[in-house]
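Hi everyone, thanks for coming along. Let me put a structure on the screen, and then we'll walk through it together.

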Amino acid sequence: MSISEIQSYIAAIEKDASLYQEKNFERRIEVLDFIEASSGQLIALKNRAEKIRDKLLEIDANLFQKLQADIRTGRYTGKEFKNLVDDYVRFYSDGNKHQGEPGYDNLDIFINGLSPLQTMPEQTKDLEPEMVYYQKTPARIVFELVEKAHFTKEDVFFDLGSGLGHTAILVNLLTGIKTIGVEFEPAFCVYARDCAAGLNLSNVTFKNMDARNADYSEGTIFFMYTPFGGEMLREVLAVLKKESLLRKIKIITYGPCTAQVASQGWLNSAAPEDDNIYKLAVFS
Ligand SMILES: C[S@@+](CC[C@H](N)C(=O)[O-])C[C@H]1O[C@@H](n2cnc3c(N)ncnc32)[C@H](O)[C@@H]1O
């Protein structure tokens with residue numbers, strides 16, 4: 001029997017209410033025999049599919065090992081890194097696909113594959129009120145951030161609430177500039193440091209501390225994917241305001257914190273006009 005015949009037979013017996021009437025004993029024998037006989041065929045098909053899946057996963061595992069080794073040589077920063085990504089992922093810049101939500105796509109799967117560590121660590125500390133739990137910035141948003149920030153070689157990029165370090169690492173790979181992540185959760189910071197070390201990225205550092213207490217004296221571009229809100233965000237913005245009196249800075253936001261940042265009188269806003277919180281907003 002072909003797979004499509006098995007499918008049709010199963011569809012028919014699913015609808016056959018008479019099977020469930022006690023007196024139809026012999027009909028049940030017939031159906032149970034069929035299920036027994038066809039399951040061998042279905043298992044064989046599943047095994048064939050799994051063989052193909054394992055081969056494909058092996059190709060990907062080898063590819064990512066090779067690419068990680070390439071990145072470790074230091075040859076793939078800036079344009080070279082962007083070209084490398086373009087060689088493998090072509091469909092991430094579909095701006096319409098994830099409008100209004102922080103969805104993930106093939107670019108995230110590819111960028112995740114470049115990470116030398118694959119298992120997310122357990123959170124070890126409880127978040128304080130107003131702190132926001134970890135959620136990764138979609139990779140296409142980081143690519144867009146790099147386009148919109150107009151980085152120069154002298155810029156120093158901070159990710160406030162850097163989580164597992166993806167954004168600080170990706171901005172460094174895309175630009176070559178110095179990047180610093182500030183993260184409250186120690187286990188996330190260790191993970192992020194190990195990833196940067198595993199890719200031999202010496203210009204990426206992670207500070208395990210509360211963003212309210214960090215030293216921002218080097219920073220020129222500050223990114224926040226809504227790491228905290230309320231009074232905590234007000235306190236951090238007051239610290240950044242002090243920095244802005246010493247040199248020009250940019251603040252780039254993503255998610256619900258954009259509205260609170262946009263209400264700061266000392267910042268010039270280039271917030272998206274349509275009030276979509278899942279679009280990057282650039283303030284200077
Ligand atoms: C929405 S995630 C941001 C993810 C990260 N920026 C990225 O691009 O992948 C928020 C992060 O902020 C961290 N966080 C919350 N409050 C913080 C604080 N006061 N200081 C430092 N990190 C904080 C959380 O632990 C969490 O990892």
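I'll talk about the ligand, then the pocket, then the cavity.

A word on the source: this is a predicted model, where local features need pLDDT of at least 70, side-chain atom pairs count only at pLDDT 80 or more, and totals for chains, interfaces and linings use all residues. Residues are numbered from 1 along each chain as its sequence is written, and side-chain values use heavy atoms, leaving out hydrogens and water.

So, which residues come nearest to the ligand? They are Thr 137, Gly 161, Thr 167, Glu 183 and Ala 211, out of 25 residues around the ligand; "around" here asks for a heavy atom within 4 Å. That shell has 14 nonpolar, seven polar and four charged residues. In this scheme Ala, Val, Leu, Ile, Met, Phe, Trp, Tyr, Cys and Pro are nonpolar, Asp, Glu, Lys and Arg are charged, and the others, Gly among them, are polar.

Now some polar contacts, meaning N or O pairs within 3.5 Å. Thr 167 has a polar side-chain atom 2.5 Å from a ligand oxygen, and for Glu 183 a side-chain N or O atom is 2.6 Å from an oxygen of the ligand. Asp 210 places a polar side-chain atom 3.1 Å from a ligand nitrogen. Of the 600 Å² the ligand exposes when taken alone, the protein buries 99% (Shrake-Rupley method, 1.4 Å probe).

Where does the ligand sit? It sits in the largest pocket, with more than half of its atoms within 2 Å of the pocket's grid points. A pocket is an open set of points on a 1 Å grid over the protein atoms alone, with protein on both sides within 12 Å along at least five of seven lines; a cavity is a set where a 1.4 Å probe fits but cannot get out, and lining residues have an atom within 4 Å of a point.

Finally, the search finds one cavity of 30 Å³ or more. The largest cavity holds about 120 Å³ of space, and its lining has ten nonpolar, two polar and no charged residues.

Notes: A polar contact is a pair of N or O atoms within 3.5 Å; within protein, one must be able to donate a hydrogen and the other to accept it, and residues adjacent in sequence count only if both atoms are side-chain atoms. Grid points are joined across faces, edges and corners, and a volume is the space filled by probe spheres set on the points.
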